[in-house]
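Welcome to this short tour. Please open the model in your viewer and keep the selection tool at hand.

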Amino acid sequence: MVLGGSGLVGARVLDLWADDVELIAPTHTQLDILDHTALTAFLAQTEAPVVLNLAAWADVDGAEPERGNRDGRVYALNARYPTQLAILCGEFGKHLVHVSTDYVFDGASLERAYREGDPTGPLCWYAETKLEGEQGVLGAGARACVARIEMPFSAQPHRKQDLARLTLARLGRGEPMVGVVDQRITPVFLDDAIRALGRISEARFTGTIHVAAASWTTPYAFIQAIAARLGLNADLVERETFADFAPKRAARRPQHSWLDVSCFEEHFGRDVLRAPEEELDAWAQQVSATSRSSLS
Ligand SMILES: NC(=O)c1ccc[n+]([C@@H]2O[C@H](COP(=O)([O-])OP(=O)(O)OC[C@H]3O[C@@H](n4cnc5c(N)ncnc54)[C@H](OP(=O)(O)O)[C@@H]3O)[C@@H](O)[C@H]2O)c1
């Protein structure tokens, strides 16, 4: 069962798994996940053994106006609902895979990427509520996994933008863009992330696990690598420091939000999560086979 199947991640899950797995993916109209009675009834009648939760409030800056409001929509979607979902999954004997974010960390670690057990330190309301959701899921007594993903980027059209398609759009139109040079990130190719979620689901993995690129890059290098692969004008990319970038956004963000994926690799091998260069080769290949105008 997939919840949040119309989102950036969810829509691609439905594309990639439709041929191999029997999927139940109620739309928002069919099931309002904040309606506890409806959610309970839905889970009670489905035979799906695994629930993949991708439904969330995922607009980081858009969450800030609700900062501190535990009666608000952001808190309801990211903290209260996942906790209730996990309790229900426990009651109905379903395995829950709940997707979370690298933003639970404060991004101060320059020495090494974040491991699953490292202390968290959310800097914005989105991150705080996602962290509470993680804690609620893992504390509900269900067989559950929290999979933290980072900056998924897709080669398919979707209403929600990501850094790779934004780069394609802007440089493709000959518009300048900026790339942060002093930030360590591990952005994951969405198709790789979904393969990883598939492995996690099949194995009924429990606990927290990181799903990200196998090594780090910077936003500036990432954008440059895209330009090089698609023959876009790299001179349009301006360098920017994190100190200049950060104050322009409503929500505080972690600077070095890089995830260590060695736990995933130990359990599932090294053939799923790739270094950014390899991810971008696969991404660019898919982009070349798709109409570029549909992506931007
Ligand atoms: N995108 C990223 O850069 C990123 C990075 C790290 C982690 N994540 C995490 O990955 C997960 C998926 O993110 P995403 O980018 O795919 O999010 P998204 O595109 O914003 O999708 C959110 C999904 O939640 C659904 N939803 C919201 N409220 C609902 C309700 N009341 N009832 C039923 N469905 C509801 C939406 O359905 P409708 O649109 O139909 O309302 C949509 O399918 C989230 O947990 C997010 O925190 C995302």
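Begin by selecting α1 (8-17), α3 (73-92), β3 (95-101) and α4 (125-138): each supplies at least two residues of the shell around the ligand. Helices here are DSSP runs of H or I with at least four residues, strands are runs of E with at least two, and both are numbered from the N terminus. Stay on β3, which gives the most to this shell, with 3 residues.

This is a predicted model, where local features need pLDDT of at least 70 and side-chain atom pairs pLDDT 80 or more, while totals for chains, interfaces and linings use all residues. Residues are numbered from 1 along each chain as its sequence is written, and side-chain values use heavy atoms, without hydrogens and water.

Next, show the ligand's surroundings: 26 residues, each with a heavy atom within 4 Å of the ligand. The closest are Ser-6, His-28, Tyr-126, Lys-130 and Lys-160.

Now look for polar contacts, meaning pairs of N or O atoms within 3.5 Å. Select Tyr-126, where a polar side-chain atom sits 2.7 Å from a ligand oxygen atom. Lys-160 also places a polar side-chain atom 2.7 Å from an oxygen atom of the ligand. At Ile-33, a backbone N or O atom lies 3.1 Å from a ligand nitrogen atom.

Finally, move to helix α5 (residues 163-172) and helix α7 (residues 219-230). They pack at an angle of about 55 degrees, with axes 10 Å apart; the axes are lines fitted to C-alpha atoms over the stretch in contact, and angles run from 0 to 180 degrees between N-to-C directions.

Conventions
Polar contact = N/O pair within 3.5 Å; in protein donor to acceptor, adjacent residues only side chain to side chain.
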